[in-house]
Amino acid sequence: MTLKMILLNAINVYRKNFSKLFVPLLIMQLAMLLPLMFFTMPGTVNVARALLVTFSSYSQTGQGVSGVVYVVVFILLILLFLSPLIVSNTVYVIDKDYDNERVSLKQSLGFGKKNYFKMLKSYFAVIAMAMPVFFVVWLMLYGMFVNGFDIMALTVLDIFFIVVSVILVLLFVLGTVFVPYIIVREKRSGFSAAWLSFKYVYKGNFLNTLGRLAFAGAIVLGLVLIINWLSQLPFGELFDLYLRDPLLALQEPLMLFAIVLSIIAIFLVAFIMPFWYAFSYNTYRGVLLDLERKNKSGWEEDNDIIF
């Protein structure tokens with residue numbers, strides 16, 4: 001499939017199944033970001049900023065990175081125990097639409113519930129596979145943070161290690177993109193689904209797959225960053241005050257508007273997310289078609305040789 005076909009298919013799937021894709025993902029966004037927003041600072045509408053803000057705030061108050069650890073644990077608990085249900089629902093709706101079958105929200109959530117432990121098992125398999133990667137990254141980067149991170153003190157070797165670490169993490173994440181679709185479509189789970197995802201990503205036309213996923217990722221990430229920036233733009237001084245004195249900042253009348261605008265931003269972020277699933281699912285099906293064509297072509301060539 002061409003990039004244009006994948007894009008049109010993704011938009012069409014989202015348009016036909018808007019409520020079944022948007023509502024569950026909105027629930028997950030609210031469950032994760034609303035508590036996170038008030039725990040870190042009003043106006044935080046994405047996880048990355050929440051971690052940075054928490055790190056900054058707790059460092060300034062002398063509590064180190066313990067606050068960041070709490071935020072990470074909270075995020076992981078939500079992702080591990082709510083995400084399998086929501087992602088299964090989302091992928092099921094998209095998969096059935098691909099086969100021209102319509103399902104209700106009740107049916108898709110029912111499938112998500114039934115498929116819950118397969119998805120959860122696969123999440124833990126991916127985490128287990130990530131451990132060696134993150135251990136290597138930790139070995140390369142640990143020395144830069146022992147005495148406090150100073151960007152001006154980085155050596156050429158430090159920069160090299162940072163670049164290599166980023167590439168390793170991105171390549172690993174890219175290899176796991178198709179895991180939810182393999183679980184739902186091919187009834188695999190655990191390490192089997194994870195390894196198969198890596199195979200599809202790297203055995204096929206890797207650059208083509210990378211380009212398509214990067215295209216969708218850039219759109220989604222770019223819009224999320226813009227929404228986050230716009231939602232916080234009018235309240236920069238208020239958020240700075242929050243870092244210094246949270247109780248005083250919460251007494252400011254403008255803080256109510258900041259919170260309302262942040263909640264609106266969460267809705268907008270949830271509105272964007274189904275596009276990623278619809279687009280990457282169609283990319284996955286395109287990879288399957290390409291591999292099927294290659295296998296068929298190879299089989300025909302073998303038969304030509306035999307006969």
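Buried denotes under 20% relative accessible area, exposed over 50%, and partly exposed in between, with a 1.4 Å probe and protein chains only. The structure is a predicted model, in which local features need pLDDT of at least 70, side-chain atom pairs count only at pLDDT 80 or more, and totals for chains, interfaces and linings use all residues. Residues are numbered from 1 along each chain as its sequence is written, and side-chain values use heavy atoms, with hydrogens and water left out.

Helices (H or I, at least four residues) are DSSP runs, numbered from the N terminus.

Buried positions in α11 are Thr-209, Arg-212, Leu-213, Ala-216, Val-220, Val-224, Ile-227, Asn-228, Ser-231 and Gln-232. An α-helix has 3.6 residues a turn, so residues three or four places apart point the same way. In α8, the buried residues are Asp-158, Ser-165, Phe-172, Leu-174 and Gly-175.

**Helix pairs**

Axes are lines fitted to C-alpha atoms, for helices over the stretch in contact, and angles run from 0 to 180 degrees between N-to-C directions. Helix α9 (residues 179-186) and helix α10 (residues 190-203) have axes that come within 8 Å and cross at roughly 115°. The angle makes α9 roughly perpendicular to α10 (65 to 115 degrees). Contact means heavy atoms within 4.5 Å. From α9, Val-179, Ile-182, Ile-183 and Glu-186 meet Ala-193, Ala-194, Leu-196, Ser-197 and Tyr-200 of α10. This contact has seven nonpolar, one polar and one charged residues, where Ala, Val, Leu, Ile, Met, Phe, Trp, Tyr, Cys and Pro count as nonpolar, Asp, Glu, Lys and Arg as charged, and the others, Gly among them, as polar.

Helix α5 (residues 83-98) packs against helix α6 (residues 105-114) at an angle of about 125°, with the axes 8 Å apart. That makes α5 oblique to α6; oblique covers the angles left after roughly parallel (under 35 degrees), roughly antiparallel (over 145) and roughly perpendicular. Leu-85, Ser-88, Asn-89, Tyr-92 and Val-93 of α5 meet α6 residues including Leu-105, Phe-111 and Lys-113.

**Asn-17**

Asn-17 lies in the loop between α1 (3-16) and α2 (18-40). Its relative accessibility is 2%, so Asn-17 counts as buried. Not counting residues up to four places away in sequence, Asn-17 touches Val-93, Asp-97 and Arg-102.

Terms used: Helix = DSSP H or I, 4+ residues; strand = E, 2+ residues; numbered from the N terminus.
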